Amino acid sequence: MNIAMIIAGGSGSRMHQDIPKQFLTVNEKPVIIYTLEVFQKHPAVDEIVVVCIEGWEKVLWAYIKQFSLTKVTAVVTGGHCGQNSIYRGLREIQKDHSPDDIVLVHDAIRPMVSEEIISDCINKTMEYGCGIACIPCVEVMLISKDQKTSTEVFDRDCLKRTQTPQGFRLGKLWAVHQQALERGVTDSIASCMLMIEMGESVHFSKGSEKNLKLTTVEDIDIFKALLLAKRAEWLKA
């Protein structure tokens, strides 16, 4: 079974809006609904569990019913940080699922995730036990110790920009979270990072430049443009 765990526990302070960014409305639809609809429509996703910012659970359930998101089986209240929110979601999922089931951890504020990205994450997780959506680093990377100047370049071929979804076997991810708590690691910022901190290796899956994370107002502008964009027929994929 493949379970999508959508993380919507953040307050979105960098967006400087009055409501959490995952609930901002774009073209008469909340951002989180765009995200949920992709997983709802994916034929290989069996269930969806949402980890929601505290106080917005009833609003989310109303949207779930309004947009007929029938795969959503649970809404869990988020924690004080990303790691704790994921832990809470896993705690709910592991109650009635097999350790071999696949969990796809995905940011609610990545609404442009594609069916292809989700499929590749599932396939890589089935084959390797883990699939981290990634894209190559194409910019020149400079090392700066004072955040103002640089005299050193970092080899960009050694870098990957991680995205979500990040897929894992449920039993493995749950065990790693338990191990982290035992070691006093409580504020890891991503599941792939937590895996590496606990001595595990991760395997890459397909990402996309379009799979952007809505962090700033400028990102919302890009998202609106992507919704309207259509690739020219002469461009090769």
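**Ground rules.** I worked from a predicted model in which local features need pLDDT of at least 70 and side-chain atom pairs count only at pLDDT 80 or more, while totals for chains, interfaces and linings use all residues. I counted residues from 1 along each chain as its sequence is written, and the side-chain values use heavy atoms, with hydrogens and water left out.

**Aromatic rings.** I looked up the aromatic pairs, for which the ring centres of Phe, Tyr or Trp (its six-membered ring) must lie within 6.5 Å, with planes under 30 degrees apart called stacked, over 60 edge-to-face and the rest tilted. The structure holds four such pairs. One of them joins Phe 23 and Trp 56, whose ring centres are 4.7 Å apart and whose planes meet at 25°, so I noted the pair as stacked. This pair links distant parts of the chain, 33 residues apart, since Phe 23 sits in the loop between β1 (2–8) and β2 (25–26) and Trp 56 in the loop between β4 (47–52) and α2 (57–66). Helices here are DSSP runs of H or I with at least four residues and strands are runs of E with at least two, numbered from the N terminus.

I then asked myself: is Phe 23 buried or exposed? With buried meaning under 20% relative accessible area, exposed over 50% and partly exposed in between (1.4 Å probe, protein chains only), Phe 23 is buried at 2%, whereas Trp 56 is partly exposed at 23%.

I next took Tyr 63 and Phe 67, whose ring centres are 6.4 Å apart with planes at 50°, so this pair is tilted. Tyr 63 is partly exposed at 21% relative accessible area, and Phe 67 is also partly exposed, at 21%.

**A charge over a ring.** Lys 29 lies over the face of Tyr 34, at 4.8 Å from the ring centre; the rule asks for NZ of Lys or CZ of Arg within 6 Å of the ring centre and within 35 degrees of the ring normal.

**Strand pairing.** I wanted to know which strands pair with β10 (residues 160–169), where a pair needs at least two DSSP bridges. Strand β6 (residues 102–107) pairs with β10 in the antiparallel sense over four bridges, and within this pairing I found Val 103 bridged to Phe 168. Strand β7 (residues 130–136) also runs antiparallel to β10, joined by six bridges, and there the bridge partner of Cys 134 is Thr 162.

**The outside.** My last entry is Val 153, which lies in strand β9 (residues 152–154) and is exposed at 58% relative accessible area.
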